[in-house]
Amino acid sequence: MATVATVAIVGLGPVGLTTAVAFASQGHRVIGFDIDENRRAEVTQGKPPFYEKGLEAGLKKALRQKRLSVVDRMDDAVRGSGIIFLCVGTPSKPDGSMDVGPLHDAAKSVATAWRDEKTRTVVVKSTVLPGTAESVVRPLLQAAGVPFRIAVNPEFLREGRALEDALRPDRIILGVDSPGTARILRALYRSSRCPVLVTDLRTAESVKYATNALLAAKVSLANELANLCDGFGVDYDEVLRGVALDPRINPQFLVPGVGFGGSCFPKDVRALVASGTANGYRPELLEAVLALNERQFARAIAFLEKELGDLVGRRIALLGLAFKGNTDDVRESRAVPIARELIAKGAIVAGYDPAAMKGFSKLVPEVHLVNSVEEALKGADGCILQADWPAFSGLTAKDFRGLMTNPVVVDGRRILDPKKMRGVRFHRIG
Ligand code: UDX
């Protein structure tokens, strides 16, 4: 039986709660803490404060099996555990730089709560710029005079499949301060069957940012190539089939659309641009990745105008309000600029999403939220599909022609089959 570790998870957001449930399901003892008492209460009652497939069932099971408990005081989280994961958010400041405040406060609170001579391992799982664990977390623990080990273990969770990614990661990155720390964390992850890279703290932090920068760049490059394909009058998919015959080019994550959203890519790439510039190197390619992404949504609206002319008074269906399918997360969702631009052009927007309506209504209150695809499409002059929800991928010409006044459809996530769009004025990016 693998040794059961007692793990504290500080921060019960999308990363922390998913990590907590994953560790509990692997047989470890997990103590959860969050400074937000409402969040503590929701988690204790088995209700994740956000939508994530499979998480509620996993959480209820972990609570029922008493493998996961939530405590009201940081003292109990620290003193009851041997490994402490910091999973707090690192939001963007207005200038795009990373706000390390929550991480600083969490680390300080951990150091203050320690108050005994037990050696514990503090693991930074929050996405932090290279050098943060050494410059922010380590000094706080040193100042408290506690016997600690420190590590960086970035997460690569994709929303909508985060629990799957936590249970079956395709790689584990361990930035450590000593071989002993590596041994402790390898034992914790013993049930994972993926490659483990053991490196130093700063390199582990760098791997996370480089990964997200590369993935975001892939999306923007796919969008650029698709925009070029539009001009050449060729189908991007066919071109990519040819390109992917080159073994050096992996075709994954090269799906063009209305641009990337979410709480990670925009934030992490902006933080890289800000920190690079502050360090004297301006990452111009990453600036271009962001700039192209900012504008990409407009291509969907341009197609509507090409087909419908002036959009004043036109009723447009916006299918998918979350930043992608299988999540209720609307952070940086491209549905926001799309809706705002349509409304600015005088259109009437009917929005529908299986999970993100509540969150979206606060962002663009002028959008008329409706409760089904049919209601959104009924009488519509045009439609933009913005999130790759499974509920939308089966839509055919019959749906659009049967419900819409003008079947003008833009597939912004490339999930509809053009061959099933006979009689629809259909466009997808690229
Ligand atoms: C991403 C990374 O994938 C994950 O490893 C990291 O831990 C967090 O950030 P996530 O933001 O949940 O995960 O979503 P992801 O599936 O990566 O998509 C991000 C955005 O890019 C979405 O808006 C999606 O629609 C868009 N996208 C993705 C594309 O436009 N084209 C693609 O080919 C892939």
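**Ligand site and helix packing**

Guide: A backbone N or O atom of Leu-254 is placed 3.5 Å from an oxygen atom of the ligand. The model is a predicted one, and this distance, like the others below, is computed from it.

Next is helix α11, which spans residues 265-278. Helix α9, residues 201-232, crosses α11 at roughly 115 degrees, and the two axes come within 9 Å. Angles from 65 to 115 degrees count as roughly perpendicular, so α9 is roughly perpendicular to α11. The crossing is left-handed. On the α9 side the contact consists of Lys-208, Tyr-209, Asn-212, Ala-213, Leu-215 and Ala-216. These meet Phe-265, Asp-268, Val-269, Ala-271 and Leu-272 of α11. Sorted by class, the residues of this contact are eight nonpolar, one polar and two charged.

α11 also packs against helix α12, residues 284-296, with the axes 9 Å apart and an angle of about 140 degrees. Roughly antiparallel would require an angle over 145 degrees, so α11 and α12 are oblique to each other. This crossing, too, is left-handed. α11 contributes Pro-266, Val-269, Arg-270, Leu-272 and Val-273, while α12 contributes Leu-286, Glu-287, Leu-290 and Glu-294. The class count here is six nonpolar, no polar and three charged residues. Val-269 and Leu-272 of α11 take part in the contact with α9 and also in the contact with α12.

Another helix pair is formed by α1, residues 14-25, and α3, residues 55-64. Their axes come within 9 Å and cross at roughly 55 degrees, and the two helices are therefore oblique to each other. The crossing of α1 and α3 is left-handed. Leu-17, Thr-18, Val-21 and Ala-24 of α1 make the contact with Leu-55, Gly-58, Leu-59 and Ala-62 of α3. Six of these residues are nonpolar, two are polar and none is charged.

Asn-406 sits in the loop that joins α18 (397-403) to β13 (408-411). The Asn-406 side chain makes a polar contact of 2.9 Å with the side chain of Asp-381. Leaving aside residues up to four places away in sequence, Asn-406 touches Asp-381 along with its neighbours Ala-380 and Gly-382, and also Leu-308, Arg-314 and Arg-425.

How values were computed
Residues are numbered from 1 along each chain as its sequence is written. This is a predicted model: local features need pLDDT of at least 70, side-chain atom pairs count only at pLDDT 80 or more; totals for chains, interfaces and linings use all residues. Side-chain values use heavy atoms; hydrogens and water are left out. Axes are lines fitted to C-alpha atoms, for helices over the stretch in contact, and angles run from 0 to 180 degrees between N-to-C directions. Helices (H or I, at least four residues) and strands (E, at least two) are DSSP runs, numbered from the N terminus. Angles under 35 degrees count as roughly parallel, over 145 as roughly antiparallel, 65 to 115 as roughly perpendicular and the rest as oblique. A crossing is left-handed if the near helix is turned anticlockwise from the far one by less than a right angle, and right-handed if clockwise. Contact means heavy atoms within 4.5 Å. Ala, Val, Leu, Ile, Met, Phe, Trp, Tyr, Cys and Pro count as nonpolar, Asp, Glu, Lys and Arg as charged, and the others, Gly among them, as polar. A polar contact is a pair of N or O atoms within 3.5 Å; within protein, one must be able to donate a hydrogen and the other to accept it, and residues adjacent in sequence count only if both atoms are side-chain atoms.
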